[in-house]
Amino acid sequence: MSQLICKDFEAFRKYEGKPLPTGDWLVVTQGMINAFAEATQDFQWVHIDLERIQKESPFKKPIAHGFLSVSLLSKMLMDLVVVESFTMGVNYGLNRVRFPHPVPVDSRLRMHSSITKIEEYDENGLKITWNCTVEIENIKKPACVAEFISLMFE
C-alpha cells in the first residue's frame with residue numbers, strides 16, 4: 001500500500017478534492033465479529049449462531065455487522081494517511097452511510113477514499129470530510145459507502 005505522508009497540515013491541505021491511495025486488505029474474522037457483538041450487545045443470529053446460519057441464512061456463513069464495517073473507517077484512514085505533526089484525532093460524524101452488500105466472515109476489505117473538504121477547526125485543528133468506499137474482495141458491491149467526518153489536531 002502507498003501511504004500518504006504529509007509533514008504538516010499545510011502539506012495535507014493540498015490533497016483536498018483528490019483521491020487517496022488504495023488501502024491494504026483487512027480480513028474480517030469471526031473473532032472480530034464476536035468481539036463486535038459483545039461490545040455492542042448485538043447478538044443477531046446472522047452474525048454468531050453458526051448452526052442456525054447453516055440452516056437458515058441465505059449466505060450460509062456468518063456476516064459482519066454493518067456497523068463493524070463503518071467502525072473500521074477510522075483504522076483504515078489512519079493506516080492510509082500520516083500527518084507527521086498530528087497529535088490527536090476525533091471522530092466527528094457520518095453522512096449518507098449505506099451498506100450495499102453484507103460482509104461474509106473471512107472476507108478481505110480495503111478502503112478507497114478521497115478528501116472532499118478540509119476546514120479550519122478551532123486554533124490548531126482541521127475538520128476533514130472523507131468520501132469512503134469499503135471494497136469486498138471479489139464482490140461487485142461495496143460493504144460500506146459513507147461520508148466520514150473527523151477532526152485532526154496538531
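This is a short tour of the structure above, one selection at a time.

**Before you start.** The model is predicted, so local features need pLDDT of at least 70 and side-chain atom pairs count only at pLDDT 80 or more, while totals for chains, interfaces and linings use all residues. Residues are numbered from 1 along each chain as its sequence is written, and side-chain values use heavy atoms, with hydrogens and water left out.

**Whole chain.** Show the cartoon first. You will find five helices and seven strands; these are DSSP runs numbered from the N terminus, helices being H or I with at least four residues and strands E with at least two. Their order from the N terminus is β-α-β-α-α-α-α-β-β-β-β-β. The C-alpha trace spans about 55 × 30 × 25 Å along its principal axes. Of the 154 residues, 40% are buried, meaning under 20% relative accessible area, with exposed over 50% and partly exposed in between (1.4 Å probe, protein chains only).

**The core.** Next, select Phe-12, Leu-73, Val-81, Leu-109, Ile-128 and Trp-130. Among the 36 residues of the largest nonpolar core, these touch the most other members. Such a core is a set of buried Ala, Val, Leu, Ile, Met, Phe, Trp, Tyr and Cys residues joined through side-chain atoms within 4.5 Å. Elements giving two or more residues to this core include strand S1 (4-6), helix H5 (66-80) and strand S6 (125-136). H5 brings the largest share, seven residues.

Now centre on Ile-128. Leaving out residues up to four places away in sequence, its contacts (heavy atoms within 4.5 Å) include Phe-12, Ile-115, Phe-148 and Met-152.

**Two buried stops.** Go to His-65, in the loop between helix H4 (50-56) and H5. His-65 is buried, at 2% relative accessible area. Beyond four places in sequence, His-65 touches Ile-33, Phe-36, Ala-37, Asp-42 and His-47.

Then pick Ser-113 in strand S5, which is buried at 8%. Apart from neighbours within four places in sequence, Ser-113 is in contact with Pro-19, Leu-20, Leu-77, Leu-80, Asn-131 and Cys-132.

**The cysteines.** How many disulfides are there? The count is zero, a disulfide being a pair of cysteine sulfur atoms within 2.5 Å. Select Cys-6: its sulfur is 16 Å from the closest cysteine sulfur, in Cys-132, so a bond is out of reach. Cys-6 is buried, at 2% relative accessibility. Finish at Cys-144, where the nearest cysteine sulfur, that of Cys-132, is 7.8 Å away; Cys-144 is buried too, at 1%.
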